[in-house]
Each structure stands twice: as structure tokens, then as C-alpha cells.
Amino acid sequence: MILIVGGAGYIGSHTCVQLLNAGHEIVVVDSLSNSKYESIKRIKEITGKEFKFYQIDLLNKNELELVFKENKFDAVVHFAGYKAVGESVEKPLKYYQNNITGTIHLCELMSEYNVKKMVFSSSATVYGIPKQVPIVETAPLQATNPYGRTKLMIEEILQDLYVSDSDWSIAILRYFNPIGAHISGKIGEDPNGIPNNLMPFITQVGVGKLEKLKVFGNDYPTVDGTGVRDYIHVEDLANGHLKALEKILASTGLDAYNLGTGSGYSVLELVNAFEKVTGIKIPYEVVDRRPGDVAVCYADPTKAEKELGWKAELGIERMCEDSWRWQSLNPNGYEVNELVTNTKTKQ
Ligand code: UD1
């Protein structure tokens with residue numbers, strides 16, 4: 001039995017589907033503070049499988065303990081955390097409280113109930129401003145904002161935990177830039193308000209919810225002056241969790257892995273690929289650089305391939321095609337269905 005914390009979110013929901021399809025039994029905990037219950041229904045719809053769902057915030061340790069009392073877990077996949085860089089600069093304490101305290105509660109209970117196996121969602125953000133690309137796991141770590149610092153601190157907490165007790169088995173997954181959606185178009189990324197990230201912004205321009213894309217700077221030392229990132233299909237990313245889970249179930253230790261494709265695309269290359277695949281024009285204007293952005297960031301994913309037997313398979317066209325299917329089938333994300341559910345409840 002695998003506990004998935006934050007399983008209603010974007011990457012969590014895709015991972016739930018893959019774990020269920022691989023025959024794992026799961027229990028999902030999510031506060032739904034940044035996700036919708038509808039995604040849980042859709043996971044069940046896609047897989048035809050049932051599982052328990054608890055709406056619990058990790059900050060509420062007593063409620064969380066009930067989950068450990070009621071179920072016997074073999075491992076935990078930990079996705080839960082706030083992730084908006086800009087907001088983290090404005091409200092650092094909210095980020096430290098939620099991401100760090102929440103993780104400590106989870107680890108305390110894992111330790112107490114002897115569930116010492118964890119896959120943790122980290123981010124390429126822990127590399128800060130990379131001195132060299134492709135980025136290898138041994139590159140210097142550095143945070144450039146409170147959100148990034150929570151990821152880095154949690155990595156360090158997990159490291160300390162492992163040093164203190166070598167029964168732990170931990171895989172830290174450093175995500176590059178996840179985009180795409182499940183091929184069914186039933187689950188996908190559903191950001192609150194105006195998206196911070198590039199692909200949801202593009203798809204919302206595509207459906208007409210936003211007028212045009214703002215390209216943050218075209219004077220970077222890159223192929224066309226716009227920022228280069230390692231976009232990775234969320235299905236490949238989810239599969240990385242499955243592989244990491246299999247590894248930690250079979251061993252002890254602590255390791256960090258880059259989950260990226262190893263190739264970088266510029267903002268305009270991604271826009272062009274999207275237009276080509278969908279036939280939809282994305283109007284854009286170039287504006288100032290976004291503070292804190294780096295010019296180029298892409299992974300060396302060799303370690304994950306060697307040690308987890310994992311490699312990204314899906315290319316940029318599939319990423320665009322699947323992001324678009326999700327957005328066009330769900331122009332308001334999960335929201336419409338939430339309203340329908342609410343109306344029904346009220347009747
Ligand atoms: C961002 C976060 C990173 C976090 C990741 C989660 C920042 C500085 N970094 O990564 O910490 O882990 O999301 O997914 O916020 N762009 C535009 N116009 C837009 C949006 C983005 O031109 O409206 C450009 C950016 O300048 C960048 C690229 O698109 O070159 C990708 O941006 P984004 O999707 O926000 O991801 P990151 O900044 O790489």
C-alpha cells in the first residue's frame with residue numbers, strides 16, 4: 001500500500017494513474033488547497049480502480065496520524081507543497097510553515113509507524129543559477145527564492161534523517177519543466193488564476209481565456225534570445241516516480257535524480273511547436289525579463305537512466321498535443337464539474 005500525499009495535484013494525479021495501472025494499491029491524502037476533488041474522480045474513471053481519499057492538511061498532524069493508524073503503508077510519495085515562486089517571495093513564512101512543517105509532520109509519522117521509504121518531489125530550482133549545462137546531480141545547490149529554499153531545506157532534512165537512521169530509503173526527484181497531460185484529456189494542470197508557467201499560459205491563450213503571451217525577454221544568450229528549458233512530459237515524469245518507488249521498495253539509501261529529457265527548447269521554439277501541432281496561432285509580445293529567471297536550464301538525466309532504468313520517451317509534439325487536448329476539453333480546468341457537483345449537492 002502506497003500513501004500518496006498531494007495526489008490530487010498535477011503531477012500527483014498522473015502518478016496515481018500510473019501506480020494504479022502498475023497494480024499498486026494507493027491511499028491519497030490532499031488538502032485540496034491547490035487542487036480539486038474532481039481530479040480524484042477522474043483518476044478513478046481513467047483506471048477503473050478504487051482507493052481511499054482523505055482531505056487532510058499535513059499541518060494537521062493529528063488528522064494525518066489517523067491515516068497511518070487506519071492503513072499499513074510500504075512507502076510514501078510526497079508531492080504536497082506550495083509552488084508559486086512569486087508568492088513565496090511575498091509570503092515566505094507561509095511557504096516555510098506549509099512546506100517544511102508539513103514535511104516534518106509526515107516524516108515524524110513515517111518514522112513512528114516504521115514506514116521509512118519516501119519518494120520526494122524536488123525541483124531543478126535547487127540548482128539556482130546553473131554554472132554549467134546539462135546539469136548533473138552533483139552540481140552546486142543554491143536557492144534563489146523562498147520556494148526554492150523550501151525544496152533545498154527538505155532535501156537537507158531528508159539527508160540528515162538518512163544519516164541518523166540508515167533504515168530509510170529515499171529518492172529525491174528533481175523535476176525540470178513538466179508539461180503535457182494524460183492522453184485521455186481527463187486530467188491535467190489546473191493552475192489557480194493567471195498561470196505563472198509557460199505552457200498553461202500558452203494553452204489559455206489558445207482557448208481564448210488570455211489575449212496574448214508575454215515572452216519574458218529575448219536578449220538571453222540562447223538560440224533566439226528567449227529562455228531555454230528542459231520540458232518533460234508529465235507522463236514520463238510520473239513514470240519516473242514508479243521507477244523510483246520500485247527502487248526504494250527494494251533497497252535503502254538516499255539518492256537525488258534529475259528527471260528531465262536532456263534537451264532544451266526556447267520559449268519561441270515551444271510556441272512554434274505548439275502552433276504546428278494544434279494549428280492555433282499564439283499571439284505574443286516580448287516584455288522585460290522576469291526577475292530570477294535563468295537563460296538556460298536542462299538536465300543530464302544519465303543517473304536516472306543508469307540507476308532507475310528510466311528515460312523520458314515522449315517528445316515536444318506529444319507534450320503540446322496532450323496539453324492542448326486537456327485544455328480544450330476542460331477550458332476551465334476542473335472547475336465546471338465542481339460547480340455541477342455543488343449544484344447537485346444543494347438540490
Ligand atoms: C518555474 C519556477 C521554478 C519552478 C517551476 C515549476 C520561476 C523563476 N521558476 O520554472 O522555480 O520549480 O516553475 O514548474 O518562476 N515564460 C514566458 N512567459 C510566461 C511564462 C514563462 O516567457 O508567461 C518563460 C520563462 O521566462 C522561462 C520559460 O518560459 O524562460 C519557462 O518558464 P516557467 O514555465 O515559468 O518555468 P521556470 O521559470 O523554468
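Let me start at the ligand, where one of its oxygen atoms is 3.3 Å from an N or O atom in the side chain of threonine 125. An oxygen atom of the ligand is also 3.3 Å from an N or O atom in the side chain of tyrosine 147. On the nitrogen side, a ligand nitrogen atom is 2.7 Å from a polar backbone atom of lysine 214. A polar contact here is a pair of N or O atoms within 3.5 Å; within protein, one must be able to donate a hydrogen and the other to accept it, and residues adjacent in sequence count only if both atoms are side-chain atoms.

Before going further: this is a predicted model, with local features needing pLDDT of at least 70 and side-chain atom pairs counting only at pLDDT 80 or more, while totals for chains, interfaces and linings use all residues. Residues are numbered from 1 along each chain as its sequence is written, and side-chain values use heavy atoms, with hydrogens and water left out.

Back to the ligand. It is surrounded by 19 residues, and the closest are Leu198, Lys214, Arg229, Arg290 and Asp293; a residue counts if one of its heavy atoms lies within 4 Å.

Leu198 also belongs to our helix pair H7 and H9, where Leu198, Met199, Ile202 and Thr203 in H7 meet Val267, Leu270, Val271 and Phe274 in H9. Contact means heavy atoms within 4.5 Å. By class, that contact has seven nonpolar residues, one polar and no charged. H7 covers residues 198-206 and H9 residues 267-278; they pack at an angle of about 40°, with axes 11 Å apart. Helices are DSSP runs of H or I with at least four residues, and strands are runs of E with at least two.

The other pair is H1, residues 10-21, and H8, residues 234-250; their axes come within 8 Å and cross at roughly 60°. So these two are oblique as well. Among the H1 residues that meet H8 are Tyr10, His14 and Leu19.

Last, the backbone. The peptide bond from valine 133 to proline 134 is cis, with omega near -10°. Proline 134 sits in the loop between strand S5 (117-123) and helix H6 (146-164). Leucine 32, in the loop between strand S2 (26-30) and helix H2 (37-47), has a positive phi, near 60°, and is not a glycine.

Note on methods. Axes are lines fitted to C-alpha atoms, for helices over the stretch in contact, and angles run from 0 to 180 degrees between N-to-C directions. Angles under 35 degrees count as roughly parallel, over 145 as roughly antiparallel, 65 to 115 as roughly perpendicular and the rest as oblique. Ala, Val, Leu, Ile, Met, Phe, Trp, Tyr, Cys and Pro count as nonpolar, Asp, Glu, Lys and Arg as charged, and the others, Gly among them, as polar.
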